[in-house]
Amino acid sequence: MALKVAIVGLPNVGKSTLFNALTQTAAAQAANYPFCTIEPNTGDVAVPEPRLNDLSKIAGSKEIIPARINFVDIAGLVRGASKGEGLGNQFLANIRDCDAVAFVARCFEDDDITHVEGRVDPISDLEIIETELMLADLESLEKRVINWEKRAKTGDKEAAQNFRLASLALAQLNAGKPAHLAQIPAEDEKAWRMLQLLTSKPALYVCNVDEGSADQGNTYSAKVAERATADGAKSVVISAQIESEIAMLDTAERAEFLETLGLHEPGLNRLIREAYKLLGLQTYFTVGPKEARAWTIPVGATAPQAAGVIHTDFEKGFIRAETIAFDDYVRLNGEAGARDAGKLRAEGKEYVVRDGDVMNFRFNV
């Protein structure tokens, strides 16, 4: 399944630098002036998955295919964006197409890089962005809710559901709270997503710190982490500048550079992992001589649903899934060893896939 994350923030907080590091390209123009990003840049990024290397070595796979995550670099928002200030509503619309939003907060001091608000205050930055998104949601709902109310009175069940959910969202927004804080019954979740509210999307706060704070963060990032906890969001500390330097190095140089900084891995790996957690996603594998491949599925997905990620025919004609836990696959040196040890299981339609499962699907068409 395609995961799409919008990178959002005020101008000059490091969004495009972060995007460039993520995609290991200079596709986004990183410059020290507002609105240097005019069109939303998009980039496909491999999801870091060290388990794939272990699997491919055991199976002698010719190719390793990781899962992918798509990042969208949204132009810097400013106060009044919901009313057309700066580059306006067109960029708010770009966020609607994404599954989650990564709010980049400036958590570093640098007199050479201007701040559109004239000060460094990441909490205030986040509040400005959140306010603009809430105002955009209010405008969007107010345009639609009247029509839904009229249709609901005629007995239109879909309109009645939309009106009820829109009223719930409006109550949140008018109270100054983002829509994602609303309690939505499980049976309404699909309709809730269809409202396409900007503030209903899961949020990840990215603290862009100076190089010296890349490991432990600083006082600014600590405040953001506290805010994230209060908002039910996730936060991650990262130095976009360091990440852009790491992206230019080869594998051997990268490890040495990280060690000199006291870092165990690139911050981008943590960012992607947190995005997965935020959206309730996990990974399963298919392994063979041709390829070792990672597949992304929601936590709680059944075996047929996991099969459907490969091809819809796999789900429709699902018979069973031959399944080996990752640890068993590695410990027993592959499928044959797992089979001999009784660790290869035949799972049916009700099986809930676990993170790291190595799977082979049997199906008919």
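Helix α9 is followed by Gly262, whose phi is positive, near 75°. Helices (H or I, at least four residues) and strands (E, at least two) are DSSP runs, numbered from the N terminus. The model is predicted: local features need pLDDT of at least 70 and side-chain atom pairs pLDDT 80 or more, whereas totals for chains, interfaces and linings use all residues. Residues are numbered from 1 along each chain as its sequence is written, and side-chain values use heavy atoms, without hydrogens and water.

Helix α9 spans residues 251-260 and is hardly covered, with one buried residue among its ten (buried, under 20% relative accessible area; exposed, over 50%; partly exposed, in between; 1.4 Å probe, protein chains only).

Asp137 belongs to helix α4 (residues 122-152) and Arg96 to helix α3 (residues 89-96), 41 residues apart; both residues are buried.

Arg227 and Glu130 form a salt bridge at 3.3 Å, N to O. Because Arg227 lies in helix α7 (residues 219-231) and Glu130 in helix α4, this pair ties together parts 97 residues apart in sequence. Arg227 is buried at 17% relative accessibility, as is Glu130 at 14%. Glu127, Glu130, Arg227 and Asp231 are linked in a salt-bridge network.

Methods: Salt bridge = Lys/Arg side-chain N within 4 Å of Asp/Glu carboxyl O.
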